[in-house]
There are 2 protein chains.
Amino acid sequence: MDKVFYNAQHSPIGAFASFTLGEKGPKGGFGLEIGKPADQNVYIALQSATEAGRFDFLPFFGAADGSLANYTAADIARQDNLVRTFEDEEITREYTLTTDTWRAGDLTFSIVSPVLSIPDPATASDAELQDVLLPAVFVELSVDNTKGKSARRVAFGFGSTDSQKDYALHYLRHHHGELNVLNGVGQGRNLALVALNGKVGARVGFDLEAILLPNEEPTTSLGGCAALVSSVPAGEKTTLRFAVCFHREGIVTTGLDASYLYTRWWKSARDVAKYALKHHERLVDLWRVPSTALLKSPKLTDDQLYQLVHTIHSYYGSTQLLQLVDGTPFWIVNEGEYRMINTLDLVIDHCFFELTMNPWTVKNNLDAYANTHSYYDKVRDPANAKVLLDGGVSFTHDMGVANHISPPGHSVYERPDLTDCFSYMTCEQLTNWILTSSMYVSHTQDKEFVSRRLSLFKDCLASLANRDHPDPQKRTGVMQCNAARTGGGAEITTYDSLDASLGQATENAYIGGKCWASYLALEKLLADAGDTSLASLARDQAARAAATITGSVDPKTGLLPAIMHLDPPHPARIIPAIEALVYPRFTGREDALAEDGPYGAYVKALGVHLHEVLKPGVCLFDSGAWKLSSTSTNSWLSKTYLCQYVARAILNTPQDPKADRAHVEWLTDREKNNSYWAWSDQIIDHIAQGSKYYPRGVTSILWCMESSK
Amino acid sequence: MDKVFYNAQHSPIGAFASFTLGEKGPKGGFGLEIGKPADQNVYIALQSATEAGRFDFLPFFGAADGSLANYTAADIARQDNLVRTFEDEEITREYTLTTDTWRAGDLTFSIVSPVLSIPDPATASDAELQDVLLPAVFVELSVDNTKGKSARRVAFGFGSTDSQKDYALHYLRHHHGELNVLNGVGQGRNLALVALNGKVGARVGFDLEAILLPNEEPTTSLGGCAALVSSVPAGEKTTLRFAVCFHREGIVTTGLDASYLYTRWWKSARDVAKYALKHHERLVDLWRVPSTALLKSPKLTDDQLYQLVHTIHSYYGSTQLLQLVDGTPFWIVNEGEYRMINTLDLVIDHCFFELTMNPWTVKNNLDAYANTHSYYDKVRDPANAKVLLDGGVSFTHDMGVANHISPPGHSVYERPDLTDCFSYMTCEQLTNWILTSSMYVSHTQDKEFVSRRLSLFKDCLASLANRDHPDPQKRTGVMQCNAARTGGGAEITTYDSLDASLGQATENAYIGGKCWASYLALEKLLADAGDTSLASLARDQAARAAATITGSVDPKTGLLPAIMHLDPPHPARIIPAIEALVYPRFTGREDALAEDGPYGAYVKALGVHLHEVLKPGVCLFDSGAWKLSSTSTNSWLSKTYLCQYVARAILNTPQDPKADRAHVEWLTDREKNNSYWAWSDQIIDHIAQGSKYYPRGVTSILWCMESSK
């Protein structure tokens with residue numbers, strides 16, 4: 001990667017916390033439970049070898065620290081003499097799955113964050129869980145002063161730009177009754193920066209001068225600026241290690257009470273810091289190495305690898321492992337800047353990553369949806385929306401937002417009487433639960449889950465068939481009926497901010513594909529469970545869906561319309577028509593992908609469609625970037641990654657590497673401010689305009705499986 | 001009061017919370033543990049009687065609510081048609097100690113907050129404490145639709161302008177396992193607005209339209225805008241009542257662990273809301289009437305009464321009643337915008353109010369300082385600062401900042417090697433502890449406290465005498481020696497941001513007066529305890545102090561210099577030279593104020609000094625406002641109030657009511673933004689530039705005691 005200045009999230013697992021760093025200016029810092037960077041100054045500085053009165057800083061600051069004091073012009077001028085920022089050309093960056101390292105002059109700054117499988121809390125020991133769930137990231141600050149003629153001071157700290165939070169800065173060594181046990185600075189009860197080795201002093205002050213100049217360590221802690229400082233003797237090399245500890249105690253949710261699971265072991269940020277102090281040598285070694293072989297040596301291009309790494313960093317930044325008051329684990333992935341909880345149309349996209357890393361979290365989500373966020377409703381007759389017909393079970397769009405758990409059977413997102421954003425996604429969420437469950441079962445062979453949820457699977461089949469049409473004579477295999485809950489509106493799809501090509505659910509080729517894959521998955525699941533009659537219904541529906549979609553292809557062009565059965569035909573072409581081909585592979589239905597099998601015509605038709613749309617002016621931008629819909633400039637990288645896998649690994653469609661290059665350019669564009677948001681999903685005309693700071697990009701894990709299947 | 005638009009804090013007692021309202025625009029709202037208004041939109045609206053499609057709002061909003069959605073021009077135009085703001089002339093306001101009421105058209109909006117004595121937790125029942133400490137304020141919204149031809153909708157709500165906090169809005173009725181128990185909206189775990197009567201619906205949405213238009217109550221809770229809405233039938237009058245409930249659970253401090261005392265009874269904002277729901281009829285009646293006769297019928301001018309009311313509102317906004325982990329109550333008054341904890345030079349000024357309301361909190365502060373925030377140090381020889389001499393005990397400037405308790409024996413404020421702001425206040429804090437203790441003992445006759453602290457009182461006397469000079473031959477009764485802790489600096493006084501006239505502590509006429517009053521108080525206390533020898537030392541020192549100060553008066557002008565013993569004489573004249581005359585009255589030493597007593601010459605000299613300085617160009621601004629120092633334009637209202645009392649009630653100096661008028665004009669100036677900060681202390685050239693949103697103004701309680709002594 002030639003780019004150096006872009007934000008990346010560096011996060012503990014399940015702490016909904018991030019030490020975000022990389023964009024220039026006061027654009028990173030320590031964020032807890034926020035869907036954006038903390039916008040703090042981060043100070044990483046080394047005293048100059050040639051000018052003792054000057055410090056060279058990495059360029060991660062620039063705003064005034066909130067503070068009680070007002071400064072004179074003389075103060076500011078003095079500070080300016082003290083501070084020099086490294087030139088861009090002096091700085092290199094090495095960004096990997098578990099480390100992010102900046103080098104400039106004699107300074108090396110590195111953040112270590114874990115990419116480890118979380119053991120299942122139902123069976124794992126406390127010690128096993130603690131090593132993975134410690135809500136901290138490690139920082140290493142190395143100085144090479146072997147050529148230096150005098151000792152040089154070095155600092156790692158931050159300036160809070162929130163004038164109220166500022167005041168809560170304090171020294172960890174000063175806790176009443178526990179003096180000098182920890183060395184570092186804290187901010188309120190949620191953050192502690194603790195020194196783990198070396199001779200380090202802590203500083204809190206109003207400005208950089210107060211923290212950098214060699215005064216005694218003060219007892220006072222007024223000011224918005226804090227740092228850990230040390231001095232490296234002439235002729236020596238030193239590596240200082242720190243832990244950035246996050247913590248939130250007590251019940252943290254509303255709607256349904258839950259606390260962080262890590263509070264089983266750590267009651268405060270101080271507890272986290274003490275654990276880090278005791279175990280850091282072992283933990284840093286453990287954390288440096290990702291726990292999955294898949295992630296260690298993928299055969300990817302540099303542009304692919306960059307995106308894989310970046311998506312995983314942003315994913316962990318959204319993870320939040322809670323427990324209910326009875327101790328039941330509650331796994332949450334927050335929806336990036338939107339903070340919606342376990343959005344089900346993201347759960348299915350995250351599933352490839354989670355089955356690789358933590359299959360138990362997938363079951364946790366599936367059970368949570370089944371227990372509290374499912375509902376039964378009727379459907380509306382497509383011939384007359386006022387007539388309600390038999391429907392069946394489905395699942396809500398999400399389980400809440402921003403630590404608020406939405407009421408049983410309801411999302412915070414879905415509202416009646418709409419035909420676009422914020423309408424219901426009833427049919428798609430039904431397919432999402434079916435497909436995610438089936439992938440989970442196929443991956444784990446968890447018979448207990450199948451047996452416990454068998455009647456729900458049967459209800460799912462009945463509901464999916466009714467959402468085609470309750471009258472078997474009128475069924476086409478794809479979704480035709482809107483949910484009763486839509487009121488006077490109509491269902492939408494996960495692509496809520498695109499135009500009708502991917503927005504309208506009924507007769508949509510994308511939803512049609514997910515119905516087809518769901519029937520296939522249910523067929524296998526029910527057959528394995530011995531219910532041949534229902535398996536047969538599922539198979540018939542799959543066949544109908546394939547036939548319906550294949551029959552909608554324009555025989556002259558080989559193109560499938562986004563919305564079927566319109567006259568004149570709908571003009572839009574969509575890449576995600578192929579998306580659902582991924583599921584047979586992960587639900588034990590590889591057979592359905594065979595070109596000479598019962599669905600061969602369907603698979604082949606999608607291959608032709610893809611070949612025809614992957615052209616500039618249709619579903620490619622001029623840069624080579626993928627354009628999910630021919631009629632919208634809003635393209636989503638998470639889905640692009642998934643469809644790239646389908647194209648290469650299932651449809652054997654070679655791709656121009658220009659696409660990956662163009663996608664990296666999107667993500668790292670500093671002029672458009674995209675680089676501020678770490679990984680973002682919705683890119684509209686080159687600008688990250690929605691789904692920023694987002695977890696969904698881990699569909700990129702599929703790229704690691706291309707040679708293995 | 002002719003002014004209508006200024007912020008006032010409306011606060012529970014001891015919850016460090018405020019529903020701030022009154023300044024126009026998005027300048028009020030619900031603040032928890034912040035030293036400033038929350039800057040939210042507050043929506044108080046009534047449907048127009050003449051235009052059904054329009055709502056008339058009080059003018060307390062104006063910023064965009066944080067939100068997930070981006071709006072089209074059409075959305076904004078539609079919203080503009082919906083919203084009309086009452087004209088300034090249509091709005092009246094009635095502001096009392098316990099209520100604040102706005103009237104406009106057919107709408108009346110009132111906030112009820114308590115002014116009650118807190119029973120001593122050591123002896124009071126839970127029920128007694130609960131009625132005073134409920135962390136909530138009540139809101140009443142009345143609509144007179146007797147002349148209306150149709151039902152009119154009415155709303156009370158708010159829009160969060162913090163894009164991250166926004167998302168946490170939710171419906172109280174939707175708690176899993178506790179559905180429909182409460183009706184209202186919450187934000188995270190810290191705030192709940194609950195409806196207590198009437199037929200009220202809750203709304204959360206992206207904009208005003210979503211919360212005002214008569215849709216069904218939604219289940220979704222996305223958006224930054226929330227309200228409680230109702231409808232008043234034609235021909236009817238209705239009063240709706242709500243509670244604004246604040247809550248923070250768990251340990252809330254660092255440095256020394258403590259939680260809110262109210263968590264003994266209420267574990268969450270929901271618990272607070274349930275208590276409010278059950279008891280609101282009784283509580284609102286109880287809260288409307290201040291519990292102290294003194295406050296109910298003071299004989300004050302309107303300008304005085306306005307300031308008394310305003311200072312008490314801001315005082316409660318800074319109060320925070322915590323408990324240590326063993327249940328020991330820990331009374332905190334935060335220092336307004338600075339959030340320093342129990343700043344000792346404020347404790348003494350608050351003492352007149354607290355002895356009237358809650359004497360046990362004074363003891364609580366005194367014991368806390370004695371136990372954890374006192375220290376012993378040497379003093380520096382005034383002839384050679386490098387020589388350390390015997391010193392003695394003193395107390396820290398504060399006990400921490402922003403919920404951080406500073407380490408034992410240290411404040412967060414004081415630093416060595418300074419000669420102005422942030423230097424040590426060792427001598428003044430010693431007098432503050434002595435005088436506050438003595439006022440407490442004089443008011444309560446608490447023999448147990450005296451007996452328990454007798455040796456500390458003796459140490460205080462020894463220390464105070466040594467801070468004059470360790471060599472009895474060199475003593476003058478006033479402070480001459482700086483504390484060793486000042487290093488190469490010098491002690492300052494509470495007036496840290498003024499010039500040397502009130503900044504330098506040694507030889508300062510203001511500090512000299514406090515030394516005099518401290519010796520008098522100790523003389524009585526030690527004599528009452530039977531230690532005639534030490535009492536005699538104290539008396540001698542008091543006599544020396546009086547003689548020294550009296551001897552410093554310029555015999556030609558009758559003026560006392562701010563700093564004594566300088567040649568040529570220091571040019572500054574200060575009103576606070578008279579300040580310490582208040583203490584003999586409150587420490588049982590009224591005898592020392594007699595003009596024919598042993599200190600008669602001193603008292604008379606101060607009377608002459610005051611008469612000479614209370615002139616335009618010396619210690620009066622052109623407006624008639626008081627100017628504490630002739631050489632600084634920074635004047636502090638809290639100290640002005642105190643000195644006004646001394647001038648009238650002790651020195652019998654009549655005052656021009658222009659002063660009070662000018663002080664009210666300062667506080668309510670909207671052009672200078674002073675009115676945003678509720679009550680502020682430091683007014684520099686007409687602008688509230690420091691000590692904003694501040695508790696210290698309750699020295700105004702002294703005005704209520706003028707006729708009674």
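**Stop 1: where the chains meet**

Across the interface of chain A and chain B, the rule finds 2 salt bridges. A salt bridge here is a side-chain nitrogen of Lys or Arg within 4 Å of a carboxyl oxygen of Asp or Glu. Before you go on, note that this is a predicted model: local features need pLDDT of at least 70, side-chain atom pairs count only at pLDDT 80 or more, and totals for chains, interfaces and linings use all residues. Residues are numbered from 1 along each chain as its sequence is written, chains are lettered from A and ligands numbered from 1 in the order in which they are written, and side-chain values use heavy atoms, with hydrogens and water left out.

Select A:Arg189 and B:Asp257. Their side chains meet in a salt bridge, 3.6 Å from N to O.

Now show the whole contact (heavy atoms within 4.5 Å). Chain A gives 51 residues and chain B gives 50 residues. How much area is buried between chain A and chain B? About 4,200 Å², with 61% of it from carbon and sulfur atoms. Buried area is the accessible area (1.4 Å probe) that two parts lose on being put together, summed over both.

**Stop 2: a helix in chain B**

Select residues 426-444 of chain B. This is helix H9; helices (H or I, at least four residues) and strands (E, at least two) are DSSP runs, numbered from the N terminus.

Colour H9(B) by burial. Of its 19 residues, 16 are buried. Buried means under 20% relative accessible area, exposed over 50%, partly exposed in between (1.4 Å probe, protein chains only). Step just past H9(B) to B:Gln445, which takes a positive phi of about 55°.

**Stop 3: salt bridges within a chain**

Over all chains, the structure holds 82 salt bridges. Pick A:Lys639 and A:Asp349, whose side chains meet at 3.1 Å, N to O. A:Lys639 lies in helix H16 of chain A and A:Asp349 in helix H7 of chain A, so the pair ties together parts 290 residues apart in sequence. A:Lys639 is buried at 0% relative accessibility.

Last, select A:Asp2, A:Lys3, A:Asp303, A:Arg661 and A:Glu665. Salt bridges link them in a network.

Note on methods
The expected span of a helix is 1.5 Å times one less than its number of residues.
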